[in-house]
Amino acid sequence: MYNKINLLYFSPTGNSKKVVETIGKELGEIKIVYDLTLKPNRQNQIQFGSDDLVVCGVPVYGGRLS
């Protein structure tokens with residue numbers, strides 16, 4: 001089982017954020033949210049433990065991750 005739920009997303013239009021938050025809420029109590037949409041939020045190194053669950057979302061344009 002997992003220790004904590006982490007949400008991580010890059011969401012310029014807000015759709016990836018909505019999807020990640022919905023999935024996270026269904027799984028249990030969310031501990032940490034990493035919003036990488038704004039450049040200053042991408043400066044710190046992010047690390048997860050082996051027993052952490054990470055729900056990650058990024059936009060897709062034309063069938064490709066952007």
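## Notebook: a predicted model, element by element

Going along the sequence, I get the pattern β-α-β-β-β-β. I also looked up the extent of the C-alpha trace, which spans about 35 × 25 × 15 Å along its principal axes.

**Entry: burial and contacts over the whole chain**

The protein chain has 66 residues, and buried ones make up 24% of them. For contacts I took residues at least 6 apart in sequence; 72% of those contacts join residues at least 24 apart.

In what order do the three strands of the open sheet lie? I read it as 2-1-3, with parallel pairing. Strand 2 (30-35) and strand 3 (52-57) are the edge strands, each pairing on one side only. From one strand to the next, the twist averages 20°.

I then went through the pairings. Strand 1 (residues 4-9) pairs with strand 2 in the parallel sense, over five bridges. Within that pairing I noted N6, whose bridge partner in strand 2 is I32, and L8, whose partner there is Y34. On the other pairing, strand 1 and strand 3 run parallel and are joined by six bridges. Y9 has G57 as its bridge partner in strand 3.

How enclosed is strand 1? Five of its six residues are buried, so strand 1 is largely enclosed by the rest of the structure.

**Entry: helix 1**

Where does helix 1 pack? Helix 1 (residues 15-27) packs on the sheet and touches strand 1, strand 2 and strand 3. Its direction makes about 175° with that of strand 1.

Is K25 buried or exposed? K25 has a relative accessible area of 62%, and because the cut-off for exposed is over 50%, K25 counts as exposed. I also checked K25 against N6: the two are 19 residues apart in sequence, and their C-alpha atoms are 11 Å apart in space.

**Entry: the nonpolar core**

Which residues make up the largest nonpolar core? I find five: I5, L7, Y9, V20 and V55. Strand 1 gives the most to this core, three residues. As general background, nonpolar side chains tend to be buried together in soluble globular proteins.

V20 got a closer look. Leaving out residues up to four places away in sequence, V20 touches L7, L8, Y9, V55, C56 and G57. Among these, L7, Y9 and V55 are also members of the core.

**Entry: S11**

S11 sits in the loop between strand 1 and helix 1. Buried or exposed? At 8% relative accessible area, S11 is under the 20% cut-off and therefore buried. With neighbours within four places in sequence set aside, S11 is in contact with S16, K17 and T37.

**Entry: aromatic pairs**

How many aromatic pairs does a search of the whole structure find? My search turned up one. The partners are Y34 and F48, and the geometry is edge-to-face: 5.7 Å centre to centre, with 90° between the planes. The angle decides the label, because planes over 60 degrees apart count as edge-to-face.

The pair links distant parts of the chain, with Y34 in strand 2 and F48 in the loop between strand 2 and strand 3, 14 residues apart. Y34 had already turned up in my sheet entry as the bridge partner of L8.

Key: Residues numbered from 1 in each chain as written. Predicted model: local features only at pLDDT ≥ 70, side-chain atom pairs only at ≥ 80, totals over all residues. Heavy atoms only, no water. Pairing = 2+ DSSP bridges. Helix = DSSP H or I, 4+ residues; strand = E, 2+ residues; numbered from the N terminus. Axes fitted to C-alpha atoms, helices over the stretch in contact; angles between N-to-C directions. Contact = heavy atoms within 4.5 Å. Core = buried A, V, L, I, M, F, W, Y, C linked by side-chain atoms within 4.5 Å. Buried < 20%, exposed > 50% of the residue type's maximum accessible area, 1.4 Å probe, protein only. Phe/Tyr/Trp six-rings, centres within 6.5 Å; stacked < 30°, edge-to-face > 60°.
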